[in-house]
Amino acid sequence: MRRHNHDSVTKVNKPAVPFVFERPDTNLPDAGQTLLEFRLHHLVNAIVAFLFASTGPVALILTIGIAGGLRTENLSSWIFIGFVAGGGITLAMSWFYKQPLAFAWTISGTAIAGPALLKYDFGEVVGAYMVTGAIMMILGVSGGFKALMRVTPQPIVMAMVAGVFLKFGILAIDAFDKELRIAGAATIAFIVFSFWKPVARILPPVLMALIAASYMAVADGQFKLDGNLSLQIANPKFIEPIFSRAPLLDLVLPLLVSVLALQNAQGITILRVAGHNPPPNTSTFICGAGSLLFGAYGSVNTCMTGPVNAILSSSGEPRFHFIAAYIWAALAIAFGLLSPAVTELALSVPEAFIYIIGGLAMLPVLQQAFTTGFGDRFAIGATVTFVVTVTDLIPDVNVNLLGIGAPFWGLVIGTAASLLFERLDYKDLVFGSGRDGTAKNGGKLGEHKALAGPGHTPADGNKLPDGPITVISPSPSPYTYRVLIALKEKCLAYQLVEDMTWRTGQGVSENPLSRNPLVKVGKSITLYDTRIILDYLETICPVPPLMPIGSSEVFEVKTWEALTEGVSGIVIDLHIERIRFSSLQGKEWTNEKHTRVLDGLATAADMLGNRPNTVGDGFTRGDIALAAMLDHLDLQLPGLDWRAAYPNLASWFAEISKHPAVAVVLKNRQR
């Protein structure tokens, strides 16, 4: 535990020299923790992501390269540098930031390069790759891309992601038409092991789907390998760049868009929704530097790959998703070194096999994209973005203006629609309020300032924190869930770290009351009481408001928080008592505590009645507190059938669980 001393205080208060590259969190797992936390799902996610990267994208390279007149050694060099250098960058970035940060070449950029190879010399196309890379390095150093991401509505980006990833769901359905036995076997295995919870923790459903599909493909003779495999090490070929005006004007802008708007924005948003805090400036700079290396050996530009990162972060504890990235990087490097042989082997896999396994693996990601994209805010912009993006799946109506694909135009047109029809939502994102200082519910933002957390008062409306938000909690906790739901509702990025929040004998401590969760904001703010944390979030980000304005309703919310905290505290005490030796358990004490839980539930049921919300007509901290308490009851006291005893609480909880922020947090807990 980091101690507060005079030196650290002085360091925080000194005016710091701006440092554009994001620094990693100081509280990161060490090598020992990483080894102990390895799980089978890390391997499964890495393999599925590798199958994605080594089949369809490789086939696209071969198709476009052959059509463009590239020689075999050029194609082999392209695949070699894309996988070996991409795997190396992934390994370095994932190790440094302890997040799944997978890098490869841009697939959309490959499609852009196809027609260019028919018009220009290969060296001229490579020159365009390198100029694009240099511009990306400038954007990374200047922080330009990060600033753009900050004012781009997350729901609109996720609607674009939903439109792009919808293809994988459709292809999974198409797999039933192509190979019914393979697709059926994979789906049945996935469903069975999804419901078989105790076994699914050891044998992930996607792994069992992969095994079932592999067995059926082998049994049906669907693996088609032409000739004998010969293990050859790839021989990369240096390509001298030629900088000509015509290809630069033709290619640089579309390539920039393909990397930054289509790939990096997609990958960063996916990782944020999964609970990570990816570094936009560093990633943009690395993509630029990687593009110089990639281009020198004939590969299109480097990008943060969306689908691979989505699969790597699709299951398990977010804090250790980077383990899957390590494995993926190792597989990619091995593939690149043996690209002549492994390419032939990868292309022997049946299409239906890839479609169904990829679709099942992407199912949670697609669900998250729809949940985040189509909530209460930016709904019109998200809908327009989605509609424009999915035209990419319909050749006759594909939006491909200026040689740039539909996903980019989806972002542009969707954002324009929000600016036109949802100006208040967009002003809330950029400024925190309308010009008249009025929140969406008509209340004055200034009235929220009384709820400020310790040592921080916003000057004007929403003021996003200066540093990353880290939530630390050692175990499932209703207090932690309340903070996470509030963060999701306010669209604030955070990182969840499952760790102890205190150590005994530390003297001056960041968490002197040993409460969960402990929240760190940047390097200078540490908060350790749930209600203080929620007050702080309401202060820096008052839109959407989670605390009513009227004084009577404020005290109603606080009453709900006091009641639910009390019941949750008793439930935690009962759980601790239950795991003690039976001879040490106090029966009278336990019975008394059970009675108090029932009294608390009866009071909550009476207070709620048949209302859709605990307080007023909107979603508030009272709803968050009650939802977290009821969910925690299911976790710690599964034998207590509170639904039968209090049907109004049961029906209320079923509805509130569909609220996007609640659904995402509780689903991650159940996983």
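Predicted model: local features only at pLDDT ≥ 70, side-chain atom pairs only at ≥ 80, totals over all residues.
**The chain as a whole**

The chain has 671 residues, of which 54% count as buried. Its secondary structure comes to 29 helices and six strands. Among the contacts in the chain with a separation of 6 or more, 80% are accounted for by residues 24 or more positions apart. The accessible surface of the chain amounts to about 29200 Å², and carbon and sulfur atoms contribute 63% of it.

Strand β3 comprises residues 469-472. Ile469 and Val471 point one way from this strand, while Thr470 and Ile472 point the other way. In a regular strand, side chains alternate between the two faces of the sheet. All four of these β3 residues are buried. The pairings of β3 are set out below.

| Partner of β3 | Residues of partner | Sense | Bridges |
|---|---|---|---|
| β4 | 494-497 | parallel | four |
| β5 | 518-521 | antiparallel | four |

The bridge partner of Thr470 in β4 is Gln495, and Ile472 stands opposite Leu518 in β5.

**Helix α20**

Helix α20 runs over residues 406-421 and has 16 residues. From its first C-alpha to its last it reaches 21 Å, close to the 22 Å expected at 1.5 Å a residue. Buried positions in α20 include the run Ala406, Pro407, Phe408, Trp409, Gly410 and Leu411. Further along α20, Gly414, Thr415, Ala417 and Ser418 are buried as well.

Phe38, Leu40 and Leu43 make a nonpolar surface patch of about 220 Å². Phe38 lies in the loop between α2 (31-36) and α3 (40-54). Is Phe38 buried or exposed, or only partly exposed? With a relative accessible area of 41%, Phe38 is partly exposed.

Methods. Residues numbered from 1 in each chain as written. Heavy atoms only, no water. Buried < 20%, exposed > 50% of the residue type's maximum accessible area, 1.4 Å probe, protein only. Helix = DSSP H or I, 4+ residues; strand = E, 2+ residues; numbered from the N terminus. Pairing = 2+ DSSP bridges. Patch = residues over 30% accessible without salt bridge, like charges linked within 9 Å, V, L, I, M, F, W, Y side chains within 5 Å. Areas by Shrake-Rupley, 256 points an atom, 1.4 Å probe, with all protein chains shown as cover. Salt bridge = Lys/Arg side-chain N within 4 Å of Asp/Glu carboxyl O. Contact = heavy atoms within 4.5 Å. Expected span 1.5 Å × (residues − 1).
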